[in-house]
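Here are my notes for your first look through this model. Have the chain open beside you and go point by point.

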Amino acid sequence: MASLYVSPHPDDFRSLQALIAAEFCSSSRPRTVTEQPPAALNARSRPTLVLGAGVDSVLSGSSAVSWYLASQGKRVGLDEKQQSQVWQWLSFADNELTPVSCLQQSSRTELLRVLKVLDKALEPRTFLVGESLTLADIAVTAALLSYLLVLNNVTRWFLTCINQPQFLQVLGEFSLCEKMVPVTPTANAPAKSNAPAKARPPKTEAQLKKEAKKKEKLDKFQQKKDMEEKKKKLPTTEVTTSDVVSPLPDAYSPQYVEAAWYPWWEKQGFFKPEYGRKSIGEPNPRGVFMMCIPPPNVTGSLHLGHALTNAIQDSLTRWHRMRGETTLWNPGCDHAGIATQVVVEKKLKRERGMTRHDLGREGFIEEVWKWKNEKGDRIYHQLKKLGSSLDWDRACFTMDTKLSYAVQEAFIRMHEEGVIYRSKRLVNWSCTLNSAISDIEVDKKELTGRTLLPVPGYKDKVEFGVMACFAYKVDDEEVVVATTRLETMLGDSAVAVHPQDPRYQHLRGKSVLHPFCDRKMPVVFDDFVDMNFGTGAVKITPAHDHNDYEVGERHKLDFLNILDENGLLINVPAPFLGMKRFEARKAVLQALKDRGLFKEIKDHPMVVPVCSRSKDIVEPLLKPQWYVSCAEMGKDAADAVRNGQLKIIPDHHLKTWFNWLDNIRDWCISRQLWWGHRIPAYFVTVDDPSVKPGQDMDGHYWVSGRTEEEAMEKATKRFNVTADKIHLRQDEDVLDTWFSSGIFPFSIFGWPNATQDLNVFYPGTLLETGHDILFFWVARMVMMGLKLTGKLPFKEVYLHAVVRDAHGRKMSKSLGNVIDPLDVITGISLEGLHDQLKDSNLDPLEVEKAKNGQKYDYPSGIPECGTDALRFALCAYTSQGRDINLDVNRILGYRHFCNKLWNAVKFAMKTLGDNFVPWEKAQLSGEESAVDRWILSRLAAAVGSCTAGFQAYDFPGITTAIYSFWLYELCDVYLESVKPVFSDAEADGAAQRRALVCRQTLYTCLEVGLRLLAPIMPFVTEELFQRLPRRLPRDSPASISVTPYPETDEFCWQSDEVDRQMEFVMTVVKTIRSLRADYNLTRTRADCYLQCIDPATASLVQKYSLQIQTLSSSQTVHAVPADQAVPEGCAVAIASDRCTVNLALKGLIDVEKEVAKLGTKKGELEKQMEKLKEKMAKNDYKEKVPVKVQEQDAEKLRQSQAELEKVKEATDNFKKMM
C-alpha cells in the first residue's frame, strides 16, 4: 500500500490539498503518516507520496502528489484541454493566491484583487474546469481555507466544494460565517467588513493554532470580543449560513443552494413542535400532527426506498407545519439485531481474528455499542441530506434506556396476562447465524429446475430444484414417495395418502419400514394430500416441515429432530450421524441406490428459502421459543379498520390486511442472538422433592420480572417454597427486533410513564410507510398499541409504492440497478458506479452482468440532479399503485424545472426593482388587466389542487398543479405577456399604474407559488424566498418553512369564465404559431387578422389583443367580422368554430422560392414512399421481415403520406399568392 506523508498541522493547506485528493481514490487510497519521511527516500518536502521501494517511487510536493492522487480518482480533467486548464489553476493557487492569502490584514486589497479574478471565472460555472469537481477546485479551495473574503460566485463555489463528502472527511464541519468576512467589492472603494474596522476577522480553530504558534495572533479575549461585536450587528433571525444579500448567481447549482440551509433550519429550531409557542401542552386550534419515522436499521445505508419514504413524509410534515399545527416528525433508529450482530462479528473476525465467543456476551455487547457510537448515526446524516425536517432532539434508538424499559414492561405485562407464552414449534432457522429469523428476513428464491447454489460452509455449490423419488417397503409391495430435501427422510415418521384415494385403501392400519433403522411408520389418511400429484403418497417429517408439522399434530405422530443448531445430523443411524445436512443428502441418495429403493431424480420448480443476512438455506427446526398469542389482538386490529376507527390508504390493501389478520398465526419473538433486548424471563429450578423438575417448554416453570429479585418473588409464591431453594436462569435469547418496533409509537414518548409528550403526541396522526411491511410492522403496532395502551397508535396509514427501475424490474445489486440517492443528488460517473460493485458480495459473473446493466441504463453515469429534483420526482411518481418505475432522466428534467424557477425569480426581481414594496395583503385591487386576472385565477386553482392533494395523499396531483402553474402558466404565458407592460411603464401615469398592479400580481404569484412548492422542494424555495421582500417585514416568519401555507379561503380568485377566455386565447396563439412554423417565419412578424363569427368573439379578441400579439410574435392583431373580407395573400387556419386565423404573408416571403423548395421536398417524399412501397410489396415481406420492423415501415409510410399532404396544401396556398 502507498504511504502519504503529510504535516501534522491541521491547517497546512499543502497537506490538506493532498489529503483531499487522496479521498477521491476510493479503491487505492494511500496510508496517511504524519511523521517525517525516512531520510533514505530523499524527500524534499511534505506532502510526500511513497508508491513502492526505491527513490524512483517517491513523489514530493503538493502539486506532484496531488496530481497523481487526483488522476487515480479521475479528477484531473476529461481530455488534454481540461488537464491543461487544471494545471493553470494549480499555478494560480501556488503563484498568485497562496502568497496573498498568507499575508496580513494590510494586503486585503491585494487579496480582493486576486479573488475578483476567481469570482469572474466562476460567474458562469459551478466548478473551475468542466462540469464536475477537479484538482483545480481542490487546490484553490485549500489555498483559501486560511482567509477568505465573501464574493458572490466565490462563496457559492466555496460552499459547494467544502460540503463534498471528501472535503468533509478531511476538514470536518465548519460554519461559513466563521470562515468568511463579507466585503462589498465596489469599484474604487476600500474593502469594508461587517465586523468593526479595527477588528481581526473571526478564525477557525486551525487558524488559532497556527497563529498562536507563530505568535502573530491576537489574544483570546480580543477574539471573543470581536465575535461578540460581529454578532451584535446581525439580527437574531438573519440567515448567516448562506449568502442571500448578494445577487442570485446566473445559473442554478443544487450544491450551492443545498449547502447551508439545513444547519440553519436546525439551529433556529424550526423542526421542533415547541417553535412559536410557549409549551407543547398549549392548546392549538389548528390541531396536532404527529408522525414517527419507520426507524431505519442502525447498519443501514440510504437507498431509494428511504428516499421515497422521506420525500413523502417530509412533504407532509412541512405542509402540516406551515398550516400552523403543532407538528412533530419523530426520528429514530432500530438496533437491527441480526444485521448489527453480523456486521460487528465480521469486523471482529477481519480486524482481530476473533469470534464473539472469544469475547463473551458482555464483551461482545460492548464492542457493538462501540461500533454503534462510531458508525451508527451515518444514516441520520444521510436523512439530513434529503432535507428531512425531523426533531433531532427527540431522536430515539431502540436500545436506549427509555425504550429498553418500555420493551421490558411490554413483555412482562403481556406475559403476566398470558398473551406471551412458551411453546416448542417450528421456526425459520439459520444455521450460520445460529438463530431463528422472521419471515421478512427470508428471501424466497424461485427456481425453475436443477440449480447449483452457494451455501455458507460448503466448498462446492449444492444442488436444488430437483425431486428425488424413492420407495418405502410395506409388506410385499412398495409405496413410492418424492422429496426435494432427501436428507429429511431420516426424520420421517409416517407416509400420508388421501382418504379417497382407491390405490391405498388396502393399506389402512399398516406401516412402512424405514430402510436405515427398525422404525415402523404408519400410513395415515389426510385430506391435505393431493392424490393427483405424483404417486399420491407423501412422506411426513413433522419436525422439519411446516405442513408435515400440522399433519403430525393431527395424527399424533412422533416428532423426530434430526438437525442440531449448526446443521449437523443428530438422532440418526450411522453413517449419517454427525454429517453436514447437504453432505448427508448425497450419502442418503447413494444408500438408497445401494438398497435398490431409489427410483429417479427429475427437475422440479421450487422455492428455496434463503436467509437474507447470511445467505444460508433456512431450515424449519423445532425449538422451544416465546410466542405472542395473536388471535384476539389480530381480531381487534381488523375490527378497528372495519368499523372505521383506522383508515388504510389506498384501500386496495384492505383485502390483504383482513386476509392476514383474520388468519393470523401466533408470533415467535425469540431470537438466539446477543445483541438486542434480552428476554426478561427466568427458568425456575426448585430444589425440593415436592416439586417435580420442569421442562424448558413448560411455561409453568418460567417467570418474568423487571429484576431478578422480582422474578424470585414470583417464583417463591408460585411454588410455595423459600428463595434459598430456587435457582433462576435468565433466558439467553433476545426479543425479535419487530417487538421493540411494534411499541415504537408510544415507547419513544416514555411509556409506561405518563409524560407530557405521551399525553400530547399519542396517539399519532399518521403512519406512512411501504406496503411491503404492512404485516411485519404496521399490523403489529396496531395490535400492541391496542393491547398495551387501549388506543390505536395512529388514525391513518398511508402505504406508498415499491420503487423499481425504469424497466419495471425490482432493484437488485446483481442487475446493477440499485441506485444510491446521494449519487442522484451529487451525480456519479459510470466508472464510479462500476467501482461500487467492487465492494459488493457479488460473484464475478454477477459483477459483469451488473456492469452491463449500469452501462445500458447510465452510459454517461448519473448527472447531478440535487435533492429538490429527486424529492419532486419521487412525489410525482407516487401514484396510489403498488410499484414505481423510476427513470433517472425524469429526475434530471425536474432539475431543469428548478433552473426554470431560478430564472423566473431572477427575471422577476429585476422587473420588480430594488424599491418595490408589496402590498400588506394579497388581494384583488379591481385594476388588474385581463391577463393579471387570469394568472391569479390559475394561482387560486393551484392552491386548491395542492390543498386537496395533500389532504388526499395525491402527490402526483400536487406536483402536476405546481409544475403546470410555474412552467406552463406563469413562465410560458404570464411573464411573456406582461413584458410590453413593463417596457412601456414610464409612458404616462396610466401606464405606470398598470405596471404597478402588474408588479403586485407578479409578486403574489412568486411568493405564493414558492410557498406552494416549499414542502416538496425545501432548499430552492428557501433560497428564492429569502430574496423576496416581505409584505410585513417586522412580523414575517424567518423562513419559508414556518410561513403559512396558502389556503383556499384566502386565495379564492378562481374564475371559470376568465379561464375559459384565456383557454380560447391560447388556442388562437397556438394556431398562429403553427402557421408561422409552417411558413418558416422564425423572426419575421406578420399582421394577423382574426375572423370572428360573432361580436362576442370579436370583443374577446379585442380584449386580449396585446396578449395574442405578444405571445404569437405578430406585428399586429385585428378582429375582423365574419362578413368582412381579409386582405389577399394570407395563410389560413381554423382556431375554433368561432375564429379563423389569417396570417398576412404577402411581401414577407419569396413565394416562388418557397414553391420551388416545396417542390423539391415533394419529390424527396414521393421517392421515399416509392421505395417503402416496393419493399413492402415483395412476396416474402410478411414472412421474413420481423413484425416490429413491419410496424415501423407502416408508420414511416403513414408519416410520409401526412407530410406529403401538408406540402401539397402549402404549395396550393402559395400559388394563390402568386
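1. Start with T326, which counts as buried because its relative accessibility is 0% (buried means under 20% relative accessible area, exposed over 50%, partly exposed in between, with a 1.4 Å probe and protein chains only). T326 sits in strand β8, residues 326-330; strands here are DSSP runs of E with at least two residues, helices are runs of H or I with at least four, and both are numbered from the N terminus. Its side chain makes a polar contact with the side chain of R277 at 3.5 Å. A polar contact is a pair of N or O atoms within 3.5 Å; within protein, one must be able to donate a hydrogen and the other to accept it, and residues adjacent in sequence count only if both atoms are side-chain atoms. Leaving out residues up to four places away in sequence, T326 touches P273, R277, N284, G287, V288, F289 and F761, where contact means heavy atoms within 4.5 Å.

2. A word on what you're looking at. This is a predicted model, in which local features need pLDDT of at least 70 and side-chain atom pairs count only at pLDDT 80 or more, while totals for chains, interfaces and linings use all residues. Residues are numbered from 1 along each chain as its sequence is written, and side-chain values use heavy atoms, with hydrogens and water left out.

3. Next, a sheet. Four strands make an open, antiparallel sheet in the order β12-β11-β24-β26. At the edges are β12 (435-436) and β26 (667-668), each pairing on one side only; two strands pair if DSSP finds at least two bridges between them. Strand β11 (residues 420-430) is joined to β12 by two antiparallel bridges, and A436 in β12 is the bridge partner of W429. Helix α17 (residues 546-555) packs on this sheet, touching β11 and β24 (619-628), and its direction makes about 140° with that of β11. That angle is taken between N-to-C directions on a scale from 0 to 180 degrees, with axes fitted to C-alpha atoms, for helices over the stretch in contact.

4. How many aromatic pairs does the structure hold? There are 46, counting rings of Phe, Tyr and Trp (its six-membered ring) whose centres lie within 6.5 Å; planes under 30 degrees apart are stacked, over 60 edge-to-face and the rest tilted. One of them is F916 with Y1003, a tilted pair at 5.6 Å centre to centre and 45° between the planes. It links distant parts of the chain, 87 residues apart: F916 is in the loop between α30 (888-912) and α31 (930-952), and Y1003 is in helix α34 (residues 989-1013). Both of these residues, F916 and Y1003, are buried. F965 and W966 make an edge-to-face pair, with 6.4 Å centre to centre and 80° between the planes, and both F965 and W966 are buried as well.

5. Keep Y953 in view. Y953 lies in the loop between α31 and α32 (955-977), and its phi is near 55°, a positive value in a residue other than glycine. Is Y953 buried or exposed? It is buried, with a relative accessible area of 7%. N571 also has a phi near 55°, but this residue is exposed, at 61% relative accessible area; N571 lies in the loop between α17 and α18 (581-594).

6. Two peptide bonds deserve a look, because most peptide bonds are trans. The one from I649 to P650 is cis, with omega near -5°, and P650 lies in the loop between β25 (647-649) and α20 (654-662). Another cis bond joins Y762 and P763, with omega about 0°; P763 is in the loop between α24 (756-761) and β32 (766-770).

7. Last, the stretch 1148-1217, which an unreviewed UniProt entry marks as "coiled-coil region". UniProt positions follow the numbering used here, feature names are shortened, and annotations may be inferred rather than shown by experiment. In the model, residues 1148-1217 are 89% helix and 0% strand, with the end C-alpha atoms 11 Å apart. L1165, in helix α39 (residues 1151-1177), is buried at 3% relative accessible area. L1165 and L1204 are 39 residues apart in sequence, yet their C-alpha atoms are 6.6 Å apart in space. Setting aside neighbours within four places in sequence, L1165 is in contact with S1200, E1203, L1204 and V1207.
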